[in-house]
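Here's a quick briefing on charged pairs and strand pairing, meant to be read with the model open beside you. Have a look at the structure, then work through the points below.

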Amino acid sequence: MIADLVVELGPVWQSRRDAELLDRPRRRAVGAGAKYKLVFVDRLLATLVHLRHGVTHDVLACWFQVDRSTITRAVAEIRPLLADRGCRTEHGLRLRTLADVIAHIGATGRTALMDATEIQVRRPSAHRGGRSRFISGKSRINAMKALVITNEQGRLLFCGEVRAGSVADITQARDAGLVDLLADSIDLQILADAGYQGLGAQTCGQVVTPPRKRRGKHDVRGVHTALDLLDAHPAGPEGVSGGNKQGDHAQPVPVPWICPP
């Protein structure tokens with residue numbers, strides 16, 4: 001896996017570095033100046049360890065015996081390469097954007113699962129503007145939220161469109177242009193949880209969400225609806241109480257970053 005990443009991303013990283021050097025006035029001869037203490041393979045490994053296990057830049061700097069700023073620059077260089085690489089389907093097709101994912105699902109006629117996952121981030125410094133927008137209304141932590149789409153088997157198809165933790169799930173999907181993308185698609189179905197209620201009407205039923213719970217002490221229809229949902233989705237490890245968690249199978253809990261295949 002690591003060898004494949006090196007072969008695939010190494011030339012791209014080198015070409016970007018060469019382009020950056022050519023864009024600014026040259027003050028040294030070709031090949032002069034300080035040499036890299038952290039080669040590309042080490043930069044890739046440091047970035048993967050940081051994303052997967054959340055290891056801080058200071059610890060990685062001690063491991064690779066370089067300065068912390070070197071690790072910071074390495075992570076900033078490699079992360080865009082991993083993001084541009086996208087996700088691969090079982091047939092080898094690369095999906096790099098949300099539009100690619102919607103087109104793939106529509107072409108195959110399969111059902112997809114959609115949800116948002118929150119990753120806790122460092123608390124912004126005091127007196128910083130917009131500090132409260134990172135606080136998640138669900139978990140009450142400082143977080144960033146990513147939109148996740150998988151296929152029926154749970155294979156990752158898309159993870160991106162990152163927003164601050166306070167942004168609602170449905171707002172994130174709308175800002176990502178999902179409604180416009182689904183307007184041009186047919187024979188497509190995306191299962192989502194109750195956080196996306198309202199998208200079904202905007203997408204002609206292509207986004208399927210649980211029905212709204214009826215409120216009211218004497219609402220008999222609401223009682224029957226709840227009983228039907230409980231029968232269809234029993235509580236326990238094999239089911240979800242209330243039947244309002246279909247999309248959670250796409251990303252049930254925030255997990256560390258895993259390199260897509």
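Lys 145 pairs up with Glu 118 in a salt bridge, with 4.0 Å between the closest N and O atoms; the term covers a side-chain nitrogen of Lys or Arg within 4 Å of a carboxyl oxygen of Asp or Glu. That pair connects distant parts of the chain, since Lys 145 sits in strand β4 (residues 143–150) and Glu 118 in strand β3 (residues 111–120), 27 residues apart. Helices (H or I, at least four residues) and strands (E, at least two) are DSSP runs, numbered from the N terminus.

Keep in mind that this is a predicted model: local features need pLDDT of at least 70, side-chain atom pairs count only at pLDDT 80 or more, and totals for chains, interfaces and linings use all residues. Residues are numbered from 1 along each chain as its sequence is written, and side-chain values use heavy atoms, with hydrogens and water left out.

**Around Lys 145**

- Lys 145 is buried, at a relative accessible area of 5%; buried means under 20% relative accessible area, exposed over 50%, and partly exposed in between (1.4 Å probe, protein chains only).
- Glu 118 counts as buried too, with 10% relative accessibility.
- Asp 169 also meets Lys 145 in a salt bridge, at 2.9 Å from N to O.
- Asp 169 belongs to helix α6 (residues 169–175) and Lys 145 to strand β4, so this pair ties together parts that are 24 residues apart in sequence.
- Asp 169 is buried as well, at 10% relative accessibility.

**Around Arg 43**

- In total, the structure holds six salt bridges.
- One of them joins Arg 43 to Glu 77, whose closest N and O atoms are 3.0 Å apart.
- Here too, distant parts of the chain are linked: Arg 43 is in helix α2 (residues 40–53) and Glu 77 in helix α4 (residues 68–85), 34 residues apart.
- Arg 43 counts as buried, with 5% relative accessibility.
- Arg 17 joins Arg 43 and Glu 77 in a network of salt bridges.

**The sheet**

- Five strands make an open sheet with mixed pairing, in the order β5-β4-β3-β6-β7; two strands pair if DSSP finds at least two bridges between them.
- At the edges stand β5 (156–164) and β7 (207–208), each with a single partner strand, so one side of each has no neighbour in the sheet.
- Strand β6 (residues 189–191) and β7 run parallel and are joined by two bridges.
- Opposite Ile 190 you'll find Val 207 in β7.
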